[in-house]
Amino acid sequence: MWWRRTLSTGRRCLGCRRNGEKGIWSFHTRPICSAPALPAGRITALQALDVWKRHFEEKGVTEPEHSSQYIIAHLLGAKTMEGVEPQRLTEFLSKEKTEQVWQLCTRRLSRMPLQYIIEEWDFRDLTLKMRPPVFIPRPETEELVELVLTDLQKDPGAAEAHQTCLEVGCGSGAISLSLLKSLPQVSFVVTVRNSF
Ligand SMILES: C[S@@+](CC[C@H](N)C(=O)[O-])C[C@H]1O[C@@H](n2cnc3c(N)ncnc32)[C@H](O)[C@@H]1O
């Protein structure tokens with residue numbers, strides 16, 4: 001699923017569907033507001049989460065809790081907080097790890113989309129590399145891929161035929177890569193903008 005980062009409540013994050021500022025998908029970077037000072041002493045992952053969640057809230061960063069959770073989980077080698085071993089959350093972070101948390105969270109403070117900060121995002125069952133200016137795949141695009149696959153399943157002959165698909169403007173390649181994973185017999189030709 002696109003939201004591999006299932007929330008603890010089990011609800012789907014709808015931040016990206018809002019009008020106006022686009023939550024963690026936001027492209028509107030701003031000058032960096034002041035970050036909280038690096039802690040003088042040692043700090044645990046849970047304490048860092050709390051510091052940054054409150055700071056994001058105070059500075060009006062959308063999805064303050066998810067933003068800090070995803071960044072810290074990523075730095076602890078997991079995709080979600082649920083994937084982090086509970087004991088690691090209460091252990092002190094190393095100095096280097098603490099600095100990394102501050103560095104990445106400061107990027108979020110400038111409204112850089114989370115996907116660019118952690119440099120990856122899930123699309124269906126794939127984890128895609130993310131780097132500006134490559135388009136961040138939208139959750140609706142996952143639905144589009146599902147629709148194509150469902151449509152092809154209605155006609156098994158079409159799914160098995162050696163067809164070629166053309167995708168113009170493939171961005172991260174999410175659509176073609178995802179279809180290719182489900183339909184390895186189909187060939188894909190993609191176009192990218194050569195100014196990248
Ligand atoms: C709205 S994005 C869609 C990306 C991708 N298909 C997706 O849904 O995740 C449109 C993409 O088309 C690319 N693009 C725009 N003009 C193009 C052109 N003339 N030739 C090839 N690609 C182009 C953009 O760089 C961008 O990656």
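Trp52 and Trp102 are both buried (under 20% relative accessible area, with a 1.4 Å probe and protein chains only). The model is predicted, so that local features need pLDDT of at least 70 and side-chain atom pairs count only at pLDDT 80 or more, while totals for chains, interfaces and linings use all residues. Residues are numbered from 1 along each chain as its sequence is written, and side-chain values use heavy atoms, with hydrogens and water left out.

The structure contains 3 aromatic pairs (ring centres of Phe, Tyr or the six-membered ring of Trp within 6.5 Å; planes under 30 degrees apart are stacked, over 60 edge-to-face, the rest tilted). For Trp52 and Phe56, the ring centres lie 5.3 Å apart and the planes meet at 45°, so this pair is tilted. These two residues stand 4 residues apart in helix H1 (residues 45-58), separated by about one helical turn; helices are DSSP runs of H or I with at least four residues, numbered from the N terminus. The pair of Trp52 and Trp102 is edge-to-face, because its centres are 5.5 Å apart and its planes at 75°. Since Trp52 belongs to H1 and Trp102 to helix H4 (residues 95-109), this pair ties together parts 50 residues apart in sequence.

Elsewhere, helix H6 (residues 139-154) packs with helix H8 (residues 174-182) at about 35°, with the axes 10 Å apart (axes are lines fitted to C-alpha atoms over the stretch in contact, and angles run from 0 to 180 degrees between N-to-C directions). The contact (heavy atoms within 4.5 Å) involves Thr141, Leu144, Val145, Val148 and Leu149 of H6 and Ile175, Ser178, Leu179 and Ser182 of H8.

Methods:
Buried means under 20% relative accessible area, exposed over 50%, partly exposed in between (1.4 Å probe, protein chains only).
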